[in-house]
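Me: I have a structure to go through with you. Can we start with the charged pairs and then move on to the rest?
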Amino acid sequence: MADSETLNPKIDPEDQPPSNVNDNGLHEPDPEEPDDDEFEEDDDEAPPSKEQELRSARAKTEGLVQRMMREPVEIRVHDVLIKGNTKTKEYLIEAELEGIKKATTMQELLEASTLANAKLKELEIFDSVRITLDAGPPELPGTANVIVEVAETESVITGEMGCYTKPTTRSWTLESSLKLKNIFGYGDLWDCSVAYGPNQTSELSTGVVLPRFKGFVNPLKARAFLLSQDWLEFSSYKERMAGLSLTLFSTRHHDMVYNLGWRTLTDQSQMASKSIRRQLGHGLLSSLKYTFTLDRRNSHLRPTRGYSFVSSTHVGGLAPDSRSVRFLRQELDFRYAVPLGFYNAALNFGVSGGVIFPWGNGFLNKPTSLPERFFLGGDFSPLCTLGGPSTVWGFKTRGIGPTEPRRHVRDNSNDENSESSGYDFVGGDLAVSAFTDISFDLPLRWLRECGVHGHVFAGTGNVAKLSENEFKKFSFQRFMESFRSSVGAGIVIPTKIFRLECNYYYILKQFEHDGGKAGFRFSISAPSSS
């Protein structure tokens, strides 16, 4: 058992060997040794200089480090002192220090202190966190005191802006938010945010996060939102939804969220196809979604090594109301990145799939909920859309999958039905997509320093309908033969909030009503955000 001197070592001057001992071990008089009268006049020793104290402490520290490298140094935490929290509740800080209190060796104590420091900073309510290890009381050898000093943030109000790919909108959005920190001392984070994206997608939301409220181990997250999406161009309907989202638990790898919302689908053009018209009106969304995430990639915008896996299970219809949307939705996504060893080149490969089915009485004959179906396409990179099948390079938004002709418009001039004004992309119940991307540095040095790089890529995907007894007609061979595909190359310009690409796309395979188009195009992508 290490005593308290282990943490605060001291060197006793009496332990040092005398300087006036000859080679034979005999004590010789020191020529500069003062006589008895001088010794009596100055019998107090001079205090050690600061340099001697530093040299002594450094020697003891080096000895402790060497001992820790050889063997565990046993220690017991005697007390944990918290300073600087004028507003923050003490139990909130203590909850992040559990690992420190359980440490039994010096090695465990150092590791737990580092982890606690990082957790306290993640709360976003402290400007600085300092953890100091000191020796325990002299009467309790082998103990240590831990002093935690925090400086609460002076900026209670902060603003943020970012670009994200949101699962709720299935497209990138530019989001601006105003955040209030630690108003009531519970580590509470209040925010109000506005998001805007393509297709007139807009979202207004406000929420609160409580990291350790009362006896709850996991953080509590609640959010109220108003969502509006315009899909008239692609699927002849607009979506409006107001609701609440409650995170039941959220950890590094696991998330479970309950959503309750009132949704309205409308068609102002009155040209929607038959299957779209059948789903117009009001609906109640009461759903539970569980997501498992394992992301070991070294970057979200340009991965050069590592892998990731995401599995999400979504169950809708958890309310007794007859208008409640009932569905079972499963998505899988796997990514792998490997360095190639030249020009910082890396190969990225990804494959994702998803399936959805309605449930309830007569579910085999029922269609799936339109907004929950799978749609492939969109001008953003699949590298950044972790979570399920969503896009294939070169195809416009919702540009892959089953289509239906829109309602015919009567021409008053000749009193005859004119041709349909287009087709609606109606989505599918089964979706699979895959991609390959090779990124590499460009030869110019200033481009490399800015992170600008080139890439060549290929993508493929397909969507099929299974509901309303269509699964009986499903053919795996026909499904594989109808995969759409594209290749291309381009330049990637990364920024702090998004990834800008200038690409040339070449469509290898598409069908009559698909939205694939060859040529140069710019695209904006961003990391996925829940």
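Reply: Arg223 and Asp191 form a salt bridge, with the closest N and O atoms 2.6 Å apart. A salt bridge here is a side-chain nitrogen of Lys or Arg within 4 Å of a carboxyl oxygen of Asp or Glu. This is a predicted model: local features need pLDDT of at least 70, side-chain atom pairs count only at pLDDT 80 or more, and totals for chains, interfaces and linings use all residues. Residues are numbered from 1 along each chain as its sequence is written, and side-chain values use heavy atoms, without hydrogens and water.

Me: Where do Arg223 and Asp191 sit in the chain?
Reply: Arg223 is in strand S8 (residues 220-230) and Asp191 is in strand S6; they are 32 residues apart. Strands (E, at least two residues) and helices (H or I, at least four) are DSSP runs, numbered from the N terminus.

Me: Is Asp191 buried or exposed?
Reply: Asp191 counts as buried because its relative accessibility is 13%. Buried means under 20% relative accessible area, exposed over 50%, partly exposed in between (1.4 Å probe, protein chains only). Arg223, at 25%, is partly exposed.

Me: Which way do the S6 side chains point?
Reply: They alternate along residues 189-197. Leu189, Asp191, Ser193, Ala195 and Gly197 point to one face and are buried.

Me: Which strand pairs with S6?
Reply: S7 (residues 201-210), antiparallel, over nine bridges. Pairing needs at least two DSSP bridges between the strands. Cys192 has Thr206 in S7 as its bridge partner.

Me: How many salt bridges are there?
Reply: The count is 17. Another one joins Glu470 and Lys473, at 3.8 Å from N to O.

Me: New topic. Which residues have the most contacts inside the largest nonpolar core?
Reply: Leu97, Ile100, Leu109, Leu120, Phe126, Val146 and Val148, in a core of 25 residues. Such a core is a set of buried Ala, Val, Leu, Ile, Met, Phe, Trp, Tyr and Cys residues joined through side-chain atoms within 4.5 Å. Helix H5 (106-122) is one of the elements that supply at least two residues. H5 gives the most, five residues.

Me: What does Phe126 touch?
Reply: Leaving aside neighbours within four places in sequence, its contacts (heavy atoms within 4.5 Å) include Thr88, Ile93, Leu120 and Val150.
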